[in-house]
Amino acid sequence: MPTRRGFLSALGAGLATASFARVLDAQQAVQGVNTGTANVPMDEARYRPVQLPSRGTGPSMTDAQRDALEHKIHCQCGCTLDVFTCRTTDFSCQVSPPMHHDVMALVAGGYSAQEIINAFVNVYGERVLMEPEQRGFDLTAWVMPFVALGGGTALVIALIRRWRQPAAEPESVSTLPMNATPDELSRLDKLVRHDDA
Amino acid sequence: MILIGELSLWVALLMAAWGTTAGFAGAYTRRPELIASARRALYATCAFVVLASVGLWTALLTSDFSFKFVAAYTSANLPSVYKFTAFWAGQEGSLLFWALILSIYSSIAVYTGRKSNRELMPWVVPTLSAIALFFILTLCFGANPYTRLDWIPPDGRGLNPQLQNPGMAAHPPNLYLGYIATAIPFAFAVGALITRRLNAEWLSSVRRWVLLSWFFNTVGIVLGMWWAYVELGWGGYWAWDPVENASFLPWLINTAFLHSIMVQEKRGMLRKWNVTLVVSAFLLSIFGTFITRSGVISSVHAFSQSSVGYWFLGFLILAVSVTAYLVTTRLSDLKANAELESIVSRESAFLFNNLLLCGVAFAILWGTLYPILSEAVQGTKVTVGPPFFNTVNIPLGLGLLLLTGIGPLIAWRRASVRNLRRQFTGPVVCGVLVGVALLAFGMRAFYSVLAYAIGGFVLGTIIQEFQKGMSARHRMYGESYIVALFRLIARNRRRYGGYIVHIGVVVLFAAFAGLAFKKEFDVTLRAGQTFSAVDGFGDHWTFVSQGVSDYDELNRHTTAVLLEARRNGKFVGMIKSEKRQYIDSQGNPTFEPATEVGILDKPHEDVYTVLAGVIGEDTAEMRITFNPLVWWVWYGGMIVALGGLIVMWPQADRRRPQAGYVAPLAPGLVDAGTGAA
């Protein structure tokens with residue numbers, strides 16, 4: 001007969017895994033038909049202009065800084081790359097070049113890196129970033145791995161404490177009634193040392 | 001042959017169904033005739049899956065386009081080698097490949113374990129048959145590679161150009177060999193849990209399979225990195241793509257198990273933990289397959305979306321529920337025997353090693369699944385890209401690297417202060433010297449300096465361990481140091497093979513740390529124009545465009561740009577990068593244009609060029625990247641694999657006397673150098 005604990009754990013594990021079914025439905029509803037091994041539907045309609053009036057103060061950063069900024073912006077063509085990597089890798093992408101032109105225009109217009117990122121988030125939403133923001137609910141993305149690690153560390157320390165038994169003091173050992181000769185004790189010592197290696 | 005293959009798939013389904021039913025019934029009722037019948041059914045399943053695979057290979061190699069799979073993934077002008085590898089290029093064929101490897105593995109495991117695991121085998125056989133049944137069911141009703149088209153097209157669609165690469169020919173089979181090998185330990189774990197025979201015996205049976213899984217997973221991952229680097233053109237070898245992450249998870253869990261099993265063998269501890277790790281590695285393999293095939297998370301590596309995701313989800317739910325039930329109801333049987341004597345002991349080091357390995361696995365799983373969670377909670381699917389994974393995993397990875405050096409220096413049970421001082425002095429000095437030297441040379445990238453310093457410490461540890469062993473052999477047997485080195489490794493493959501793996505890990509970390517000095521440039525060059533740049537080592541590079549050329553070759557039309565590369569004014573080579581438009585035998589274009597990167601590789605740095613586009617007739621838009629130490633990723637991977645191979649290599653039975661002559665051995669010599677780590 002299944003125990004209560006076994007039944008509940010199996011049920012819990014099953015339900016947790018089954019929650020993927022809903023996600024799977026949602027995914028299959030929104031994704032188009034894919035081809036070959038690349039599960040990346042290309043959609044140039046995903047481009048949306050990100051434009052702000054020029055401040056007339058000249059470029060706000062160097063080309064290298066602009067490239068670094070483009071590494072933080074997610075290309076919206078359906079790939080998993082950032083704007084810089086996508087536009088310099090895939091010449092058939094119709095989305096990363098106009099996104100790059102928007103970045104260039106904003107840089108030329110005098111906007112800082114953070115202002116440009118904010119402008120892209122305002123238009124595309126948070127999905128345009130290459131990483132979750134470190135605020136609101138998305139902070140959990142950053143915190144959770146370290147919380148889990150902290151919990152794991154606490155668990156390991158608790159287990160070590162529970163398992164730990166103070167080893168007998170050498171003096172107390174010598175007081176035990178033993179029939180071993182000094183030679184036998186020496187051999188035993190050697191064996192233990194060998195085991196330590 | 002093709003027809004035989006097609007029919008064999010259905011016969012294999014019946015055999016697997018009988019093996020599962022008769023096996024579980026026989027194991028439950030302890031009827032030997034049913035148990036034997038299930039075992040024979042498992043062998044028969046293997047034979048028929050082999051026939052089904054040979055049938056599909058025949059259809060691929062003879063370009064029988066009446067089959068949907070053949071028409072979808074090959075064309076008449078595809079080179080034969082890629083017709084052969086097209087077997088695992090698509091959903092249906094790769095599932096058959098899964099079933100093929102699984103049934104071969106299962107037969108080997110059951111045959112080799114028939115005498116040593118008499119109590120477990122009645123449950124192992126139907127468990128393996130059930131897994132095979134799932135895959136064959138999915139093949140027959142969800143993704144049948146033998147589905148025929150209503151009409152026969154004159155040519156097939158061809159193979160995705162990115163898969164027409166030697167790396168892609170070898171990467172998936174190795175990854176599958178690694179993934180699927182986790183099924184054998186899983187079946188043994190299920191058998192051990194059901195029969196409550198949870199002593200060390202079943203673990204010794206599965207350790208070799210876990211090692212095999214770990215080895216092929218390592219080779220598969222490194223080959224995948226190489227393929228991504230030379231073929232995809234984004235300039236790196238690891239992009240934290242969900243499918244890449246999924247392949248890494250079982251590797252991390254298997255690595256944790258290969259360390260924690262030593263604690264159980266030596267001290268009888270961590271029994272619950274080891275069962276959990278064995279089960280988790282298999283479940284994560286299935287989870288990885290589910291991600292690749294369901295379309296639940298978008299990935300450049302994923303197969304086309306199909307209903308197969310639901311099949312895998314159902315199987316995952318069943319497997320998770322059954323194992324969760326078995327583990328929780330057997331907790332009392334898994335109670336550890338031994339006690340920890342000191343926190344400063346190798347047992348503790350392994351505990352923290354497992355904690356960090358599982359911590360990294362959790363962080364990767366969490367980051368991979370977070371977009372789904374975010375969509376469910378906030379309605380927005382955020383992107384979790386490389387910046388997140390690097391930020392979270394670099395400190396954890398460095399912690400792991402540090403433990404790689406600490407573990408071997410601490411004795412089992414308890415370490416005295418004197419012992420610690422003696423063991424740690426040399427390696428710590430090595431690490432500090434490396435760190436100080438790099439700072440003195442002007443390196444300021446914090447994580448890189450830290451990685452190299454810790455790497456120095458770990459190398460110091462390994463060198464010290466080898467030096468001690470070699471000196472002992474030199475003193476005891478008068479062997480030269482070279483002979484002593486080889487015999488040391490040969491006599492204790494597990495321990496010293498493990499150290500070789502650690503050397504490979506240090507090399508890999510050194511290569512990863514080099515990425516901090518990567519430099520990339522977005523350039524536009526007309527024929528004859530020059531571009532100059534300074535790399536991360538301070539060398540001055542000049543690139544002169546030799547112009548853009550167009551030509552046809554084999555089954556493709558190629559556009560190429562050639563650069564003359566000079567370092568500090570000295571000619572070092574020509575670099576050609578291409579865009580290829582593949583065509584079918586009728587001359588029609590197939591797929592999107594593919595990138596063929598140009599790489600000038602040197603031990604300290606790769607110059608990596610990508611042709612992003614062509615303006616007019618002779619102006620190329622390019623990305624030029626200086627990638628430091630990439631060479632060491634491939635060689636580090638090879639060292640890790642070599643170490644794994646040494647650990648796996650069967651130890652000769654030294655009790656068996658050699659024919660004709662038996663040398664008298666002095667007492668104590670037989671066990672010399674066998675202090676297994």
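In chain B of this predicted model, 25 residues of domain 1 are in contact with 28 residues of domain 2, two residues being in contact if their C-beta atoms, placed from the backbone, lie within 7 Å. The centres of these two domains, taken over C-alpha atoms, are separated by 22 Å. Domain 1 of chain B spans 1–158 and domain 2 covers 165–340 + 353–361; the assignment also gives domain 3 (393–515 + 636–648) and domain 4 (517–632). These bounds come from an automatic or database domain assignment. On the side of domain 1 of chain B that touches domain 2, at least two residues are supplied by each of α4 (80–85), α5 (91–112) and α6 of chain B. Helices here are DSSP runs (H or I, at least four residues), as are strands (E, at least two), numbered from the N terminus. That side of domain 1 of chain B is made up of 15 nonpolar, nine polar and one charged residues. Ala, Val, Leu, Ile, Met, Phe, Trp, Tyr, Cys and Pro count as nonpolar, Asp, Glu, Lys and Arg as charged, and the others, Gly among them, as polar.

Residues are numbered from 1 along each chain as its sequence is written, while chains are lettered from A and ligands numbered from 1 in the order in which they are written. As the model is predicted, local features need pLDDT of at least 70 and side-chain atom pairs count only at pLDDT 80 or more, whereas totals for chains, interfaces and linings use all residues.

Helix α6 of chain B (residues 121–141) also meets helix α2 of chain B (residues 32–61): their axes come within 10 Å and cross at roughly 35 degrees. The axes are lines fitted to C-alpha atoms, for helices over the stretch in contact, with angles running from 0 to 180 degrees between N-to-C directions. The crossing of α2(B) past α6(B) is left-handed, that is, the near helix is turned anticlockwise from the far one by less than a right angle. On the α2(B) side, the contact is made by Ile35(B), Ala38(B), Arg39(B), Ala41(B), Leu42(B) and Thr45(B); α6(B) contributes Pro122(B), Val125(B), Pro126(B), Leu128(B), Ser129(B) and Ala132(B). Nine of the residues in this contact are nonpolar, two polar and one charged.

Further along chain B, helix α17 (residues 481–491) has Ala484(B), Leu488(B) and Ile489(B) as buried residues. A residue is buried if 20 or more other C-beta atoms lie within 10 Å of its own, exposed if 12 or fewer, and partly exposed in between. Seen down the axis of α17(B), the buried residues fall within an arc of 130 degrees, so they line one face of the helix; the arc is that of the directions from the helix axis to the C-beta atoms. These buried residues of α17(B) pack against α16 (446–477), α18 (493–513) and α19 (630–648) of chain B. On the face of α17(B) turned away from the buried side sit the exposed residues Ile482(B) and Phe486(B).

Helix α19 of chain B contains Gly637(B), which is buried, with 22 other C-beta atoms within 10 Å. Leaving aside neighbours within four places in sequence, Gly637(B) is in contact with Val222(B), Gly504(B) and Leu508(B).

Most residues other than glycine have a negative phi. Arg196(B), not a glycine, has a positive phi of about 60 degrees and lies in the loop between α8 (183–195) and α9 (200–232) of chain B. Leu270(B), also not a glycine, has a positive phi of about 60 degrees and is found in the loop between α10 (242–267) and α11 (271–294) of chain B. Arg196(B) is partly exposed, with 13 other C-beta atoms within 10 Å, whereas Leu270(B) is buried, with 26 C-beta neighbours inside 10 Å.

Chain A has eight helices and zero strands. Of the 197 residues in chain A, 29% are buried. One of its loops, between α4 and α5 (113–124) of chain A, holds Tyr111(A), a buried residue with 22 other C-beta atoms within 10 Å. Tyr111(A) and Ser60(A) are 51 residues apart in sequence, yet 5.9 Å apart in space, C-alpha to C-alpha.
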